[in-house]
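Here is a short walk through one protein model. Follow it with the structure open beside the text.

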Amino acid sequence: MSNIVVVYHSGYGHTQRMAQSVAQGAGAQLLAIDAAGNLPEGGWEQLAAADAIIFGAPTYMGAPSWQFKKFADASSKPWFAQTWKDKLFAGFTNSAGVQGDKQVTLDYFYHLAMQHSGIWVGLGMLPSNTKAAQRNDANWMGAYSGAMAQTPSDASVAEMLPGDLETARQFGERVARTARRLAR
């Protein structure tokens with residue numbers, strides 16, 4: 001079994017619910033970035049011990065939340081020591097807009113992983129893009145580089161789309177399968 005950590009920030013709970021779905025699929029540990037942009041005690045050690053790190057943050061104003069960016073900037077210490085070199089990385093995001101510039105957030109995660117000399121795992125799922133497709137289908141947004149979800153700004157956490165949560169769960173499974181394959 002691989003040691004997988006989902007490190008995420010959630011402003012209103014939607015990204016946390018998505019993180020829980022990713023973690024369920026991956027058999028991963030959750031590591032929340034708090035409202036001040038900090039990890040809990042032992043968080044950096046947890047990431048150092050991980051085989052795979054999955055990033056998650058809401059997309060605000062066309063990028064990850066500032067709390068996630070603070071965490072990313074603080075990761076310069078493991079970067080300098082190349083502590084995360086050759087780990088698997090992946091990412092997911094949620095925003096209120098259907099497009100919402102979520103791809104920019106996933107690109108940010110990808111570039112952060114590459115800075116750390118990591119190996120990126122994409123979604124690996126075909127889009128649900130036929131005329132019969134519904135918003136509750138897995139990967140209805142047609143993402144490739146990571147998992148995306150859309151939650152209207154006035155929707156509660158309980159109202160998140162089942163297809164988005166299923167996409168997140170399957171994405172977590174893919175990261176876990178990839179980690180097992182590379183561990184052989």
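A search of the whole structure, which is a predicted model, finds 13 aromatic pairs. Take F55 and F89 to begin. Their ring centres lie 5.4 Å apart, with 35° between the planes, and the pair is tilted. F55 sits in strand β3 (residues 52-60) and F89 in strand β5 (residues 88-95). The two are 34 residues apart, and their pair links distant parts of the chain. Both F55 and F89 are buried.

Now turn to Y110 and W120. Their ring centres are 5.8 Å apart and their planes stand at 85°, so this pair is edge-to-face. The cut-off for that label is an angle over 60 degrees. Y110 belongs to helix α5 (residues 102-115) and W120 to strand β6 (residues 119-120), so the pair ties together parts 10 residues apart in sequence. Y110 has a relative accessible area of 32% and is partly exposed. W120 has 17% and is buried.

Aromatic residues also gather in a group. W44, F55, F68, F71, W84, F89, Y108 and F109 form one aromatic cluster. The tilted pair of F55 and F89 is found among these residues.

Next come two helices. The axes of α1 (residues 14-26) and α6 (residues 162-183) come within 6 Å and cross at roughly 40°. The two helices are therefore oblique to each other. The crossing of α1 past α6 is right-handed. On the α1 side, R17, M18, S21, V22, Q24, G25 and A26 make the contact. They meet L165, A168, R169, G172, E173 and A176 of α6. The residues of this contact divide into six nonpolar, four polar and three charged.

Definitions and conventions
Residues are numbered from 1 along each chain as its sequence is written. This is a predicted model: local features need pLDDT of at least 70, side-chain atom pairs count only at pLDDT 80 or more; totals for chains, interfaces and linings use all residues. Side-chain values use heavy atoms; hydrogens and water are left out. Axes are lines fitted to C-alpha atoms, for helices over the stretch in contact, and angles run from 0 to 180 degrees between N-to-C directions. Helices (H or I, at least four residues) and strands (E, at least two) are DSSP runs, numbered from the N terminus. Angles under 35 degrees count as roughly parallel, over 145 as roughly antiparallel, 65 to 115 as roughly perpendicular and the rest as oblique. A crossing is left-handed if the near helix is turned anticlockwise from the far one by less than a right angle, and right-handed if clockwise. Contact means heavy atoms within 4.5 Å. Ala, Val, Leu, Ile, Met, Phe, Trp, Tyr, Cys and Pro count as nonpolar, Asp, Glu, Lys and Arg as charged, and the others, Gly among them, as polar. Rings of Phe, Tyr and Trp (its six-membered ring) pair if their centres lie within 6.5 Å; planes under 30 degrees apart count as stacked, over 60 as edge-to-face and the rest as tilted. Buried means under 20% relative accessible area, exposed over 50%, partly exposed in between (1.4 Å probe, protein chains only).
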